[in-house]
Amino acid sequence: MSQPAPHQPISEELRAKLSRCGAATISNALLKRGYRNTFLLGVQGVAPGQPAMVGPAFTLRFIPAREDKDTMALYARDDGLHRRAIEECPPGAVLVMDAGGDARASCMGDMMALRLKMRGVAGVVTDGGFRDVPGIAATGLPSFQRQASGPATPIALHPVEFDAPVGCAGVAIYPGDVIVGDGEGVVAIPRELVEEVADEAFAAAEYEAFAAAHIARGRSIFGLFPATPDSRVEYEQWVTAGRPAIV
């Protein structure tokens with residue numbers, strides 16, 4: 001099987017489908033394929049109700065800062081990898097920042113978030129923390145972090161490379177892996193599996209909506225959830241009938 005180019009954008013149809021699947025449902029589809037470590041545990045959105053985040057990963061890796069390498073003056077240089085990553089992350093991609101789980105200093109503030117939003121970046125995730133969180137939320141850029149962090153980046157973080165494999169929240173992420181984030185959290189899908197995982201997770205999410213409508217009317221989960229051969233037939237008949245209201 002040929003491998004997709006890391007920076008190849010995903011289709012709008014695929015993006016829309018993944019945005020409706022749910023991160024937890026996607027992680028279950030990956031588990032069926034033997035992938036046990038795909039959910040970025042401990043990472044949550046900066047604001048409730050923010051849009052779903054879907055896009056191929058563009059990565060940035062930090063190591064601990066050192067005083068001779070990291071000052072505010074050096075941080076402000078245009079050739080710094082941190083600032084370059086903000087300007088070079090492709091539109092439609094998700095910027096994944098590997099902070100090694102270190103939230104002693106921020107790895108993004110509201111001005112960087114606004115720049116990413118204006119450039120058409122799909123979102124950003126880190127296993128560290130952001131500063132100016134209310135301002136980041138106000139930009140509308142889907143953003144996920146471990147916890148808020150006010151101190152300036154050079155206090156604890158030094159950027160060493162971007163667009164290379166990283167570990168974020170204990171999950172291996174390669175450039176081009178498709179990242180999905182929503183109210184449940186963030187999951188990483190190996191790029192070569194994204195089409196089949198999206199199809200399966202979307203079908204599962206659609207069935208769960210059917211099951212939830214029945215459960216809300218008082219029906220037992222026995223014989224309904226998880227799906228059984230009989231309930232699957234019932235579901236297909238409901239779909240064929242045009243998804244009428246369940247009363």
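Contact means that heavy atoms lie within 4.5 Å. By this criterion, and leaving out residues up to four places away in sequence, Met-97 touches residues that include Leu-60, Phe-62, His-82, Met-108, Val-124, Phe-130 and Cys-168. The model is predicted: local features need pLDDT of at least 70, side-chain atom pairs count only at pLDDT 80 or more, and totals for chains, interfaces and linings use all residues. Residues are numbered from 1 along each chain as its sequence is written, and side-chain values use heavy atoms, without hydrogens and water.

The largest nonpolar core has 26 residues. A nonpolar core is a set of buried Ala, Val, Leu, Ile, Met, Phe, Trp, Tyr and Cys residues joined through side-chain atoms within 4.5 Å. Buried means under 20% relative accessible area, with a 1.4 Å probe and protein chains only. Leu-95, Met-97, Met-108, Leu-116, Val-124 and Phe-130 have the most contacts inside this core. A second, separate core has 18 residues, including Cys-21 and Val-187.

Helices are DSSP runs (H or I, at least four residues), numbered from the N terminus. Axes are lines fitted to C-alpha atoms over the stretch in contact, and angles run from 0 to 180 degrees between N-to-C directions. The axes of H4 (residues 81-88) and H5 (residues 110-118) come within 9 Å and cross at roughly 30 degrees. H4 is therefore roughly parallel to H5 (angles under 35 degrees). In this pair, His-82, Arg-83, Ile-86 and Glu-87 of H4 meet Met-112, Arg-115 and Leu-116 of H5.

The axes of H7 (residues 194-216) and H8 (residues 229-240) come within 11 Å and cross at roughly 95 degrees. H7 is therefore roughly perpendicular to H8 (65 to 115 degrees).

Notes: Helix = DSSP H or I, 4+ residues; strand = E, 2+ residues; numbered from the N terminus. Parallel < 35°, antiparallel > 145°, perpendicular 65-115°, else oblique. Buried < 20%, exposed > 50% of the residue type's maximum accessible area, 1.4 Å probe, protein only.
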